[in-house]
Amino acid sequence: MSTLAHVFEEAGIATVALGSIGAHIQGTAPPRGLWCDFPLGRPLGKPNDADFQHRVLAHAFGLLTSPEPVVEKFAESIDDDGTATMSCELPPRHDPSLHPAVDEANGLRQAYDRAVAKLGNRTGAGRVVAADDIGAAVQSFVRVAEGTPWKEAGIPGIPARVAQDIRGYYETAALALAEHAPAPWAGARWFFTSTEAGRTIMAARKAMADAGEKQPIWFFLAPGDM
Amino acid sequence: MADSDVKALTGGLELPDFETTAFTTPPPLAEAKVAIVTSASLHHPDQDDFEPIDTGYRVLDGSRRDYMCGHWSPNFDATGIALDLNTVFPIDRLDELAADGTIGEVSDIHLSYAGNQFDLSGVRMDSGPAGAKFLRDHEVDVVLFTPV
């Protein structure tokens, strides 16, 4: 963002850049920057909280009156303690002929459709795997976890993008099942630790690493600190 | 998994260096046309998705709300923007600020880039200046940059 801010100012447009990582926004010194110490993915802080978002914008736009370059920190921080996890029921076993992860993915379809109807689809399936094909995509990672080389497992695209669509499908469905707005990262923690599909992707990631596959192929299947 | 641990992974990234800081004095905010430029790889469903290495930009229609997040990184919480577009792209908040006169006007077009680029030379030399010119041609005075 800071690179673009420098370029846009050179072109005659005044800019204000929000930044979630203090070292980055301070280190790159944009013409006007506001460090918002919020979790990654939430630069305005709190979803569905217009008052909070307006406080962020008021501080940001206030920097436009500065007569010189300025970087400030927003007064409020939002912490993630690394423990909050979404709480929602997973579908019961329906078709025992399927792998549990595939059965689970199929069972979430109605919840996924309800969430998309209510919220739209901004981070769910569809970047490379359609919602109708999520079960097959999960099955491809089951094969990898069980030892099939990833290039022979039928993964329908670049593995990281396919995993992203599966995770997005689950997190979107969870928004229809949960009774609460999830805390930051609570959806990701729920997916990777509580669901059959998430655990399958983690197992496939480990299998690919153990097989000596190139690091970018498996590393980006999950957040980098996992 | 914790946000602080994910942020710590970026500690070794080389940051771009600028010898000088360009600085444009804007008109009063109440008279300014404001646009959002995000690095969240947002695009409309009928536009091309972003590639893993993609220094281009997409033009976003401010009258639409059918945005998809095409960012490739797994290293951010996705449920915030899934619940509320304004968590990343505060278009409704800008419309409210225009309605109450805080800002002069909200641009009817906005831009989206892909933030997960390791080689920034294309952005710095090509798509960045092109995007800035595009917004200048639409008489945009102020840009709010939002990451993801």
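In the predicted model, helix α4 of chain A passes helix α9 of chain A in a left-handed crossing, a crossing being left-handed if the near helix is turned anticlockwise from the far one by less than a right angle, and right-handed if clockwise. Helices (H or I, at least four residues) and strands (E, at least two) are DSSP runs, numbered from the N terminus. Residues 100–107 form α4(A) and residues 196–210 form α9(A); the two pack at an angle of about 135 degrees, with axes 8 Å apart. Axes are lines fitted to C-alpha atoms, for helices over the stretch in contact, and angles run from 0 to 180 degrees between N-to-C directions. A:Pro100, A:Ala101, A:Glu104 and A:Ala105 of α4(A) meet A:Glu196, A:Ala197 and A:Thr200 of α9(A), contact requiring C-beta atoms, placed from the backbone, to lie within 7 Å.

Between the chains, 70 residues of chain A are in contact with 65 residues of chain B. On the side of chain A that touches chain B, the largest share, nine residues, comes from α1(A). Four bridges join β1(A) to strand β7 (residues 142–146) of chain B, and these strands run parallel; strands pair if DSSP finds at least two bridges between them. A:Ala17 stands opposite B:Phe145 in β7(B).

Residues are numbered from 1 along each chain as its sequence is written, while chains are lettered from A and ligands numbered from 1 in the order in which they are written. As this is a predicted model, local features need pLDDT of at least 70 and side-chain atom pairs count only at pLDDT 80 or more, whereas totals for chains, interfaces and linings use all residues.

Methods. Two residues are in contact if their C-beta atoms, placed from the backbone, lie within 7 Å.
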